[in-house]
Amino acid sequence: MGSQDMKNTLQEALKALYHHPDQQVRSRANDWLQEFQRTVEAWEVSDGLLHDANSNLETLIFCSQTLKTKVQRDFEELPPAAFFSLRDSLKVQNLLKKFSKGPSKVRMQICIAMSALAVHVSAQDWGGGGILNWLRDELGSNPDYLISFLELLTVLPQEASSYKIAARPERRRQFQKELVSSVNAAFGLLASCLSFKELHEQVLDAFASWLRLSHGIQAATLASHSLVLAAINGLKSEQLFDAAANAICELIRYTVYGSPGGLAEQMPLVQVLVPQVMGLRSRFSASLNVALVEKEGNQGGESGIGQADMEDDEIVKGMARLFAEMGDSYVELIASGSAESMMIVDALVQVTSHPEYDIASMTFNFWHSLQTILTKREYHCSFGNEAAVDSEMERRLIIFRPTFELLVSLVSFRVMYPQNYEELSKEDIIDFKRTRYAVGDILMDASSVLGGETTLKILSNSFFQAASTPGNGGSWDWRSAEAALYCIRAISKAVPISEGTVMPQIMGFLSKLPPQPQLLQTACLTIGSYSKWLSGAPNALSFLPALIEILTRGLSTSDDSSTAAAMALRHVCDACRDKLAGSLDVLFHIYHKAVSREGGYKLSTEDALQLIEALSMVITALSPEPAKKALEALCLPAVAALQEVITQAAGSSQQFNANQYTVPIDRLANIFRYVNHPEAVADAFRNIWPILKAVFDQRAWDMLTMERLCRACKYAVRTCGRSMGVTIGDMLQVVQLQYQLHHQSCFLYLSSEVIKVFGSDPSCANYLGALITSLFSHTISLLKTIQDFTSRPDIADDCFLLASRCIRYCPHLFVPSTIFPSLVDCAMTGITIQHREACTSILTFLNDIFDVATSIGGKKYRSVIDNIIFPRAASLTRILIGSLAGALPESRMEQVISVLMSLTRVYGMQVVTWGQEAISLVPSVAITDGERSNFLGALSSAASASGANSLAIIGSLEELSDVCRRNKTVQEMVQGALQPLRLTLTVAP
């Protein structure tokens with residue numbers, strides 16, 4: 001297809017994409033356009049249409065994005081000499097000029113393309129002085145296109161670290177150094193543009209961008225720099241305020257991180273910035289007053305606030321951001337409690353008091369950092385001995401306690417339910433909940449400074465005032481009481497168990513609250529949060545009956561309160577299990593009403609499991625004989641329900657729903673998990689086993705039922721251990737048989753749990769050896785190709801989890817077995833599976849092999865492992881390098897490198913030889929000789945007995961991954977050379 005035909009087709013595709021009514025047509029157009037962007041022809045076609053005066057906006061935007069993407073990802077498609085024409089002729093320079101006055105979206109894409117071009121090529125290619133010198137010359141000869149060059153100046157430092165640009169790591173680092181060394185030149189260029197007042201906003205944006213790269217500039221130099229003065233003056237302009245605030249925020253950060261000497265070296269600049277930011281306080285105070293009046297529902301004029309006091313919302317946010325940035329950056333200085341620092345604290349208090357949450361929350365990180373410094377001893381070590389440290393910490397706490405007391409009252413109102421809560425959208429409800437969580441964190445910060453008891457007293461005053469109103473005959477808003485109670489709940493971890501004044505009053509008051517659903521929900525959650533306090537309270541027994549009654553009420557009021565009550569009951573039973581033994585009949589009554597669904601409870605299936613956990617914990621506290629009887633009573637409803645469905649299914653051709661099995665099985669699973677009486681649980685499991693076996697027989701084909709059943713058996717194995725006796729043998733026979741018939745991966749997972757518990761038991765060696773051989777033999781027959789792994793990732797995952805357990809817990813049975821070599825072959829076949837969990841299990845299995853080979857207890861297996869690994873080592877190394885170079889996602893690199901390092905620790909310099917054989921297959925256009933040498937050097941360092949810097953080695957290995965993944969073409973080239981997906985030994989049948 002000719003260039004003009006391609007242009008026409010592209011424009012037709014864009015027209016179809018944006019305007020055709022048929023979704024299928026739009027989808028085909030989108031596919032064609034994406035494919036077009038990958039072609040070499042996209043360079044010329046995009047350039048031509050960008051220069052075409054008849055191109056519409058849609059075409060210009062698409063072609064500019066395409067050009068940007070091509071420069072970022074596919075620059076290597078072009079011959080080396082093409083750079084100069086791309087820079088000076090058709091592509092970038094002319095386009096920068098053409099779009100200097102718009103459209104801005106197109107101009108931005110061209111600037112990003114230009115920045116990417118600068119990353120790809122060396123400074124010499126720009127005329128010796130790098131892109132900054134080139135840009136200075138262009139700026140001098142083309143002043144009419146200043147806007148484009150300013151935008152390019154802004155984008156350059158932003159793209160310096162971009163991994164969207166397919167540059168080699170060494171070149172990316174070099175480019176960053178070039179930009180850092182050019183900061184002063186960039187500042188000079190920007191300063192020269194200040195004579196154009198209409199461009200001050202763009203100049204300040206570019207200044208902020210370059211400040212992020214600045215290092216080592218003298219504070220005195222910056223303090224008097226014209227750009228800094230322009231930023232300060234910009235705070236007085238409504239039009240420039242946002243850009244000026246961004247620049248000053250970057251300057252504040254620079255004073256902390258911009259020089260090795262830290263803040264001390266930057267004091268001349270700090271002394272310029274802080275007064276200027278604090279000078280905004282009167283403006284912010286006036287805006288705060290307006291906001292508070294508006295919150296009360298009044299107009300500014302009616303309250304005596306004139307128009308002059310009104311500020312643009314974005315400017316108010318900008319002022320708040322400046323105060324917050326100052327607080328975050330100078331928090332260690334502020335923590336000293338000096339008079340000057342307390343002025344900043346007062347400004348931050350004002351920001352926190354702003355009724356707009358988005359503004360107030362800007363300070364939350366500061367309060368957290370401040371309380372950390374005030375309460376952690378490590379921040380005060382410079383004061384000398386323990387006594388001096390204690391004295392300084394107390395001095396600071398005395399200074400800041402009033403501020404944190406005020407903070408408690410400033411944030412606590414934000415958790416109150418809005419009047420129209422029922423009408424809120426799902427997104428608004430999520431935002432409201434996030435606000436409550438954030439306020440809870442701030443209250444905990446305050447508790448760290450004030451102490452839990454003091455904070456509790458402050459909050460309890462609000463609670464008692466709000467909660468006592470109904471009894472006084474006045475109108476009552478439940479929201480105030482709920483908000484105060486929520487705050488009390490939020491600080492539960494800070495309130496000491498010994499607190500005996502306020503908490504007894506609160507607990508006694510809860511039963512007097514009206515049964516409003518949200519209030520009841522929070523009351524239930526509060527009871528649960530203070531369960532540890534209840535466990536230590538001397539008069540807890542007098543509270544518990546009334547509290548359980550509240551939780552019972554919560555179970556039947558609403559879905560949310562039911563969930564909260566079930567969770568709270570679990571926490572209370574966990575913490576107070578010793579105290580609740582006498583209340584077992586009450587708890588069982590609640591349990592039976594819940595599972596029978598006859599008590600009006602609104603419990604979900606998950607909530608019922610919380611009740612079972614609660615009862616299980618109380619049963620755990622009983623002596624063996626009562627515990628055994630209580631356990632039988634706890635199991636009875638689930639066993640009866642399971643027996644009923646088994647009986648019905650046996651005599652019917654009807655297909656039963658999996659939930660009819662899984663609900664009672666999940667209840668049994670929780671009982672087996674949380675009743676910590678191994679012998680009693682073993683007896684119960686032995687009695688229930690015939691019923692469970694019947695489920696295996698009826699539903700072995702059903703993955704969901706089998707997963708839940710195996711999970712229940714797993715918890716029984718964990719709890720009972722060797723108390724299970726002969727039942728474990730019966731269970732494993734069923735597992736082996738059903739796995740061969742139905743291939744459910746959960747059978748493998750259950751077996752791995754058995755190996756973990758019984759692997760080292762000599763009396764179990766015979767049937768465990770048979771289990772290992774049977775399960776692995778059948779699994780290997782299922783996983784012969786990478787496609788098999790991809791279609792059965794759950795089996796691959798659980799198979800190699802089981803294999804790792806075998807190496808760790810019964811290597812004497814596993815490593816010498818005839819199945820072990822075939823399993824290693826199987827693992828090599830599946831290394832490149834894209835499924836995260838399956839891949840992780842395989843790589844962990846390989847790591848475990850090399851770990852056992854070098855362990856003290858594993859020396860006796862070394863010869864066996866060597867005989868298996870040596871014939872496969874070259875192929876394994878090549879597969880691992882291929883995985884590192886792109887066959888697996890980057891998120892898996894840490895695990896691949898770990899296996900490669902483990903292999904190197906075991907076989908030393910031989911791995912370097914295998915690695916050299918593999919890496920030599922990769923064409924030099926993909927990786928250079930230097931990059932190849934660095935990689936082999938890293939392997940050599942890992943193999944040396946001297947113990948080189950592991951972080952440096954890992955960094956070199958990661959760099960090879962980065963080089964080989966820099967764009968799709970290179971990645972495909974590397975994979976085609978290494979062929980890790982095909983390079984496996986034939987798996988034994």
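These are my notebook entries on a predicted model, taken element by element.

**Entry 1. The chain as a whole.**
I began with the overall count. The chain has 51 helices and 0 strands. I then looked up its extent: the C-alpha trace spans about 95 × 85 × 70 Å along the principal axes. Of the 989 residues, 54% count as buried. Among contacts in the chain with a separation of 6 or more, 74% are accounted for by residues 24 or more positions apart.

**Entry 2. Cysteines.**
How many disulfides does the structure hold? I found 0. I looked at two cysteines in turn. For Cys 573, the closest cysteine sulfur is that of Cys 576, and the two sulfurs are 8.1 Å apart, which is too far for a bond. The cut-off for a disulfide is a pair of sulfur atoms within 2.5 Å. Cys 839 is in no disulfide either, with the nearest cysteine sulfur, in Cys 826, 13 Å away. I noted accessibility for both residues. Cys 573 counts as buried at 1% relative accessibility, and Cys 839 counts as buried at 0%.

**Entry 3. Helices α44 and α46.**
How do the axes of α44 and α46 cross? Helix α44 covers residues 819-830 and helix α46 covers residues 862-887; their axes come within 11 Å and cross at roughly 5 degrees. Angles under 35 degrees count as roughly parallel, and the two helices are therefore roughly parallel to each other. I listed the residues that make the contact. On α44 they are Phe 820, Pro 821, Val 824, Asp 825 and Met 828. On α46 they are Ile 868, Ile 869, Arg 872, Ser 875, Leu 876 and Ile 879. By type, the residues of this contact divide into 8 nonpolar, 1 polar and 2 charged.

**Entry 4. Aromatic pairs.**
I counted aromatic pairs and got 27. I took the pair of Phe 696 and Phe 747 for a closer look. Their ring centres are 6.1 Å apart and their planes stand at 40 degrees, so I recorded the pair as tilted. Phe 696 lies in helix α36 (residues 678-699) and Phe 747 in helix α39 (residues 745-758), so the pair ties together parts that are 51 residues apart in sequence. Are the two phenylalanines buried or exposed? Phe 696 counts as buried, at 0% relative accessibility, and Phe 747 counts as buried, also at 0%. Both belong to one aromatic cluster, formed by Phe 672, Phe 685, Trp 689, Phe 696 and Phe 747.

**Entry 5. His 743.**
I checked the backbone at His 743 and found a positive phi of about 55 degrees, although this residue is not a glycine. Where is His 743 placed? I located His 743 in the loop between α38 (727-742) and α39. His 743 is partly exposed, with a relative accessible area of 24%.

**Entry 6. Tyr 767.**
I found Tyr 767 in helix α40 (residues 765-782). At 28% relative accessibility, Tyr 767 counts as partly exposed. Which residues does Tyr 767 touch, not counting those up to four places away in sequence? I noted Ile 728 and Leu 732.

Notes:
Residues numbered from 1 in each chain as written. Predicted model: local features only at pLDDT ≥ 70, side-chain atom pairs only at ≥ 80, totals over all residues. Heavy atoms only, no water. Buried < 20%, exposed > 50% of the residue type's maximum accessible area, 1.4 Å probe, protein only. Axes fitted to C-alpha atoms, helices over the stretch in contact; angles between N-to-C directions. Helix = DSSP H or I, 4+ residues; strand = E, 2+ residues; numbered from the N terminus. Parallel < 35°, antiparallel > 145°, perpendicular 65-115°, else oblique. Contact = heavy atoms within 4.5 Å. Nonpolar A, V, L, I, M, F, W, Y, C, P; charged D, E, K, R; others polar. Phe/Tyr/Trp six-rings, centres within 6.5 Å; stacked < 30°, edge-to-face > 60°.
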